[in-house]
Structure formats: structure tokens, C-alpha cells
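Subject: Model handover

Hello,

Please find the model below. My notes on it follow.

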Amino acid sequence: MSSKVTIGSDIGQARRAVEQLRMEAGIDRMKVSKAAADLLQFCTEQAKSDPFLVGIPAAINPFKEKKPCAIL
Amino acid sequence: MAADGLHENETLASLKSEAESLKGKLEEERAKLHDVEFAQLCPTLCDRLDCSLPGAFVHGILQRRILEWVAVSSSRGSSRPRDGTSISRVSCSAVHQVAERVEALGQFVMKTRRTLKGHGNKVLCMDWCKDKRRLVSSSQDGKVIVWDSFTTNKEHAVTMPCTWVMACAYAPSGCAIACGGLDNKCSVYPLTFDKNENMAAKKKSVAMHTNYLSACSFTNSDMQILTASGDGTCALWDVESGQLLQSFHGHGADVLCLDLAPSETGNTFVSGGCDKKAMVWDMRSGQCVQAFETHESDINSVRYYPSGDAFASGSDDATCRLYDLRADREVAIYSKESIIFGASSVDFSLSGRLLFAGYNDYTINVWDVLKGSRVSILFGHENRVSTLRVSPDGTAFCSGSWDHTLRVWA
């Protein structure tokens, strides 16, 4: 009797795995070239506002050292 | 067909073979949309490779040579690996191909601008506050510290009752932090500026797992927390009541990391685990919507691309990879022959052009996401880099290490 139960749960697991795979196989996919082009486009659009790419003047960047000023 | 329990012709063996054939079908479906010319399945880099190839360390060129070689040999017939050994995908780097005409990045000068010292043992995790200035970090000795990164002052400190606090997160409001680790729980501490109040007194236990907590993150508000655990599950909790709202089952081993999708309407998150899989989940239904299994070892870190259409992962197999959610496949791989230690944590710059990755060889590599090349290598930590996050406004990033310190780089 107990062996049937274990087999039952293995079957249950296998069934769930098959259902999951079926679902995953059925989703809508986009062509890789289009997807990659979209990533590229996002990147180039956002590049102007990316501090690591554009650079923020030291005066504004809270982490960079400010230039020393001399008091005349 | 019998409707109840076991179907007559449905045995464990038949289900398993159906699963295998579905997996094959999944690969085929993904490959169909791979309209970038190169061959799709390639032997591993170790197979019969001519090591005298020039430019062996330049990722882009090496790839092209290998793929030319494979295209010739596979034209002779079978598209399957001849000796049936498991193949790893030499990434077709669709992104790099598409990005050929993009200007290369110039030289970067990134230095340690702040060093946060105060932890008595390995720093395991850190998170920024939305005010772009404060951050919380947790370490092996049970201490959780909130720092002001501009001044390097410690603003709050609490000692957890357990060691190895592997996860910590800042609440969106900035008024609380969440942390947990070997205690199998995720606890929320409200942050108070009253000197007389003991932070530990107001602690609220929110999540309960049956194994260590590896990652936690608040959702869009202070009211819900998402956790990942060594028990192989992720879970969504209500902070106020401590109630379990949704659980996510599917990983075959410890879940090590998670990241929430950036957009407000997203409602998905990605998790990575010791089963080498990265899985994307629907938060409302608890269903796994997409799974990716191309890494060759534990996935230590996952992070969404700023647009939400892709995510990067860092793994013990010494590579970082980019997966596109709409194409449903890996689209780029960031690796070098000289990098042999695992990547422990990854994060993108604001535009997604740069990928910062902390490694177990004490370094941080900065990758050009589009070109696939390494832009910079940062030295400074004296032990493995365990955690890395870019600040909310993208001006700096912070790395935490087993050398007990955190560094802010800009």
C-alpha cells in the first residue's frame, strides 16, 4: 500500500513537471534580433542620464572630492 | 481515458519521457526565434579547440572563430553533438552582434570614494535606501548596521540573535529595515531616531522558513516582503500580520537570490538557486512563468535590467549571463578565460549599459552589457566581494566584502 502512495506522489510530481513544461513551451516569444535591438534602444536612450556614462561634475557628485578653494 | 487518479497508459516512465520531450520542444521553440545567424548549439570551449587562435582572450573574436569552426563541422550532417556529451551553450551573444555598430565606451575612472569600517566579520549583504545616501549592511557576526554613506557615520546598529545574517533590505519609506539568515526568519526593525529607544525591542518577526533566509526584499511598499530561502522556496509575506500571502515552489535546491521587476505593473520577480536555474514568477498566482537553465553552477545573484525586459545573473561558474524575457532565452554571456572564480553579485548601471559584478577573487569587473567586453577591473577588497548594489540615482555603487568592509565607488 505504501509503495503505491510514493509512486502516486512521484506521478503527481512528474505530472506537474509535464504541465509546467507544456505551459512554458506555449508562451509567446519574440525574435532574438528584435529583443536585442530593444535592449540596445533602451540603453542608448537612457545613456544620457546614466551618471557612470556621462559623468557628473565633482562639485555635484556627493562622493567625489570637491576641488579645494582658496580664501583670498 | 480513465478520469480519476492514474490514467491507464500514464506511468511514471511515460510522464518522465514526456517531460524530456517537452524540454526538447522548449529548446526548439526558443531556437526557432534565434534569427541571428550563428550556429545554436556548440561544443564547450574545452572541446577540441585550437588554442593557437590569435586573440584568445578577446571574448568577441574567440566566439566568432569557434562558431565558424562549428558551422563547418555541423554542416556535415547531424546538428546534435556527436558523442552525446552534455554541451554548454557558447552564447551566441545576439546582443553583441546587434550592438556591433554601437560606440565603444571610453576609459573609466572608478575609485573607492568611501570605505565603511565597523563590521567585526564578513559583510554578507547590503541595500541602499531610496534617499540615495543611507545604506544597510549585515554580517556574519550578527550585526546589522545602517550607514550614512556620505559621512561614513553609523546611524543605527542592531545585533541579531543569530550569526550569518545573509539578507538585509531597506524599506521603501526609509523607516525600517528587514534582515535574516541562519535564524530561518525575516525580521523587520523600525528605524527610530530616539536615542533612548532600543531598536531590538521593536523587532517584528515576519517570515518563517524551514531553512536559512538567503534574500529578502520589500515590494513597492513597506507592507509586503518577498523572501528566498535555503528550503528551496520563495514566499510573499504581509509585514503587519506576518501572514504568508503566496509561496513559490519550483526550485530543486536552495534559492540564493531574488530581484523584483522594476515596473509598477510588473508583478513578477526572478529568483536564482543552487539548482542552476533562474526562474521568473508571477507574484499573484505563485506560478513560475519562465525558467532558464544555462548556468553550470549555483546562481548567486540575479538582477533585472532597468527596462524590466531582461535580467542578469552571476554564478559560481565564473560567468554572468543576460537573459531576455521576451525572447525567452540567454542572449549574452560575460566571461573570460582568466576569470575562474564565481561571481557573487551583479547590478546594472542606470541605463543598463554597464554590469558591475563582484567576484570571489576579490575583484569587481565592469562589463559593457552590449559589447560583452570587460571595461574595467576594480581592485581594493582584501577578500571576496559578497554583495554589490548600485545606488538608486546611479551615481555610485557599494560593494561589501568578507574583508569586513564596504566600499562606495564612483
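Two strands count as paired if DSSP finds at least two bridges between them; helices (H or I, at least four residues) and strands (E, at least two) are DSSP runs, numbered from the N terminus. This is a predicted model: local features need pLDDT of at least 70, side-chain atom pairs count only at pLDDT 80 or more, and totals for chains, interfaces and linings use all residues. Residues are numbered from 1 along each chain as its sequence is written, chains are lettered from A in the order in which they are written, and side-chain values use heavy atoms, without hydrogens and water.

The sheet

In chain B, 4 strands make an open antiparallel sheet, ordered β18-β19-β20-β21. Because β18 (299-304) and β21 (329-334) of chain B are at the edges with a single partner strand each, one side of each has no neighbour in the sheet. Strands β19 (residues 310-315) and β20 (residues 320-324) of chain B are joined by 5 bridges; B:Gly314 has B:Cys320 as its bridge partner in β20(B). Helix α2 (residues 32-46) of chain A packs on this sheet and touches β19, β20 and β21 of chain B (contact: heavy atoms within 4.5 Å).

The interface

In total, 39 residues of chain A contact 63 residues of chain B. The two chains, A and B, bury about 4,400 Å² between them, 71% of it on carbon and sulfur atoms (accessible area, 1.4 Å probe, lost on being put together, summed over both). A:Leu39, A:Phe52 and A:Phe63 lose the most area in chain A, together 20% of what that side buries.

There are 3 salt bridges between chain A and chain B (side-chain nitrogen of Lys or Arg within 4 Å of a carboxyl oxygen of Asp or Glu). One of them links B:Glu18 and A:Arg22, with the closest N and O atoms 2.4 Å apart.

Regards

Methods:
Axes are lines fitted to C-alpha atoms, for helices over the stretch in contact, and angles run from 0 to 180 degrees between N-to-C directions.
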